[in-house]
Amino acid sequence: MSRTDTEIHQIELLLTLDYLLNYTDKDHPASQQDICRHAKDFNLKYDPNATKGNDVRRQRIGDCLQFLQSISYKFKDTDKIPFVVNSTDTGKFYIEEKNHLNKEQIINILAAVK
């Protein structure tokens with residue numbers, strides 16, 4: 001079944017957030033490739049050497065990372081976004097302050113991804 005552009009973008013955003021929440025911190029930042037490879041955990045196709053046929057694209061994952069970082073900074077001093085996305089000097093990303101998520105919020109986010 002073919003996905004719409006909207007569905008693809010939603011999947012990539014949720015995939016990016018899932019990876020950041022579960023696998024990153026200041027000592028373990030994520031690259032775009034790390035997140036693209038994570039797509040395979042959800043039976044999504046990603047081959048870094050393929051120019052066509054992938055379910056996720058590295059460039060769009062980069063856009064998701066930039067978006068998540070910008071909204072986390074915008075709402076940093078509010079309760080609206082319960083995490084902060086930071087980046088390293090080498091262009092990798094990680095979430096800090098993710099411990100502010102309660103169990104129900106984490107379950108809802110992960111359920112949306114799956």
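1. Basis. The model is predicted: local features need pLDDT of at least 70, side-chain atom pairs count only at pLDDT 80 or more, and totals for chains, interfaces and linings use all residues. Residues are numbered from 1 along each chain as its sequence is written, and side-chain values use heavy atoms, with hydrogens and water left out.

2. Helix α1. Helices here are DSSP runs (H or I, at least four residues), numbered from the N terminus. α1 has 19 residues. From first C-alpha to last it reaches 27 Å, close to the 27 Å expected at 1.5 Å a residue. That expected span is 1.5 Å times one less than the number of residues. Its buried residues are I8, E12, L15, T16, L17, D18, Y19, L20 and L21. Buried means under 20% relative accessible area (1.4 Å probe, protein chains only).

3. α1 against α3. Two packed helices are described by the angle between their axes and the distance between the axes. Here the axes of α1 (residues 5-23) and α3 (residues 58-74) come within 9 Å and cross at roughly 65°. Axes are lines fitted to C-alpha atoms over the stretch in contact, and angles run from 0 to 180 degrees between N-to-C directions. α1 contributes I8, H9, E12, L13, L15, T16, L17 and L20 to the contact; α3 contributes R60, I61, C64, L65, F67 and L68. Contact means heavy atoms within 4.5 Å. By class, the contact has 10 nonpolar, 2 polar and 2 charged residues. Nonpolar covers Ala, Val, Leu, Ile, Met, Phe, Trp, Tyr, Cys and Pro; charged covers Asp, Glu, Lys and Arg; the others, Gly among them, are polar.

4. T16. This residue of α1 is buried, with a relative accessible area of 0%. T16 touches I35, I61, C64, L65 and L68, not counting residues up to four places away in sequence.

5. Cysteines. The disulfide count is 0, a disulfide being a pair of cysteine sulfur atoms within 2.5 Å. The sulfur of C36 is 9.5 Å from the closest cysteine sulfur, in C64, so it is too far for a bond. C36 is buried, at 0% relative accessible area. C64 is buried too, at 9%.

6. Y46. This residue lies in the loop between α2 (32-38) and α3. Y46 is buried, with a relative accessible area of 7%. Y46 touches Q33, C36, R37, K40, N54, V56 and R58, again leaving out residues up to four places away in sequence. Y46 and T6 are 40 residues apart in sequence and 18 Å apart in space, C-alpha to C-alpha.

Methods: Helices (H or I, at least four residues) and strands (E, at least two) are DSSP runs, numbered from the N terminus. Buried means under 20% relative accessible area, exposed over 50%, partly exposed in between (1.4 Å probe, protein chains only).
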